[in-house]
Amino acid sequence: MVLEGTCHCQSVRFSVRSNKPYPYMYCYCSICRKTGGGSGSAINLSADAASLEVEGKKNLTVYQARLDSEDGEGGETSPAERNFCSRCGSALWVWDPRWPELLHPFASAIDSVLPRAPERCHIMLDFKPKWVPPSSGKRDSQFRGYPDQSIHDWHQSRGLISYE
Ligand SMILES: [Zn+2]
């Protein structure tokens, strides 16, 4: 399906194709939470980077997260590029040069009607603040860090990829 998205002030509009559009993965890491999800988590989708079309590119700003180093010295910058609107601040998508064919739009920026996920996956729970309830449906899965399946594999193993 084609995912159509906008920032809140409409300065940036984009579309991108995805054959795995279920918004099932809730990420509680501090970067996602602070840049894209005030309720405690953000939902990243997976789409085909080559199909991205953007209107209002001049309003995009890229944030590369600073990662704390374990030894407390300096820290590195994440190669992942988090694109957001410089006018209204809406988090739009993440693109990472390590997986250049993928684009990860935030479900919160998508205006197209997304299919409802049959179950959810809660990841990076080690980074969840205490005020976020550990609520989770019966069929949901939870991970302290990264999940056991990629977004592609999750869709594929449930027969949810529309074409391939
Ligand atoms: Zn905006």
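1. Let's start with Q10, which counts as partly exposed because its relative accessibility is 39% (buried means under 20% relative accessible area, exposed over 50%, and partly exposed in between, with a 1.4 Å probe and protein chains only). Q10 sits in the loop between β1 (2-6) and β2, and it has a positive phi of about 70° although it is not a glycine. Helices (H or I, at least four residues) and strands (E, at least two) are DSSP runs, numbered from the N terminus.

2. A word on what you are looking at: this is a predicted model, where local features need pLDDT of at least 70 and side-chain atom pairs count only at pLDDT 80 or more, while totals for chains, interfaces and linings use all residues. Residues are numbered from 1 along each chain as its sequence is written, and side-chain values use heavy atoms, with hydrogens and water left out.

3. M124 also has a positive phi, near 60°, and is a residue other than glycine. M124 belongs to the loop between β12 (121-123) and β13 (141-142). At 9% relative accessibility, M124 is buried.

4. M124 turns up again at the largest pocket, where R82, D96, R98, M124 and Y146 are the closest to the centre among the 32 lining residues. About 1,200 Å³ of space lies in this pocket. On a 1 Å grid over the protein atoms alone, a cavity is a set of points where a 1.4 Å probe fits but cannot get out, whereas a pocket is an open set with protein on both sides within 12 Å along at least five of seven lines; lining residues have an atom within 4 Å of a point. Grid points are joined across faces, edges and corners, and the volume is the space filled by probe spheres set on the points.

5. What is the pocket lining made of, by class? There are 18 nonpolar, 8 polar and 6 charged residues (Ala, Val, Leu, Ile, Met, Phe, Trp, Tyr, Cys and Pro count as nonpolar, Asp, Glu, Lys and Arg as charged, and the others, Gly among them, as polar). The elements giving two or more residues to the lining are β3, α1 (30-36), β7 (66-67), β11 (102-105) and α2. The largest share, 3 residues, comes from α1.

6. Now the aromatics: the structure holds 3 aromatic pairs. In one of them, the ring centres of Y24 and W154 are 3.6 Å apart and the planes are at 5°, so the pair is stacked. Rings of Phe, Tyr and Trp (its six-membered ring) pair if their centres lie within 6.5 Å; planes under 30 degrees apart count as stacked, over 60 as edge-to-face and the rest as tilted. Y24 is in the loop between β2 (13-20) and β3 (25-27) and W154 is in helix α2 (residues 151-157), so this pair links distant parts of the chain, 130 residues apart.

7. H155 is buried, with a relative accessible area of 0%.

8. Last, T6 in strand β1 is buried at 13% relative accessibility. The T6 side chain makes a polar contact with the side chain of D111, at 2.6 Å (a pair of N or O atoms within 3.5 Å; within protein, one must be able to donate a hydrogen and the other to accept it, and residues adjacent in sequence count only if both atoms are side-chain atoms).
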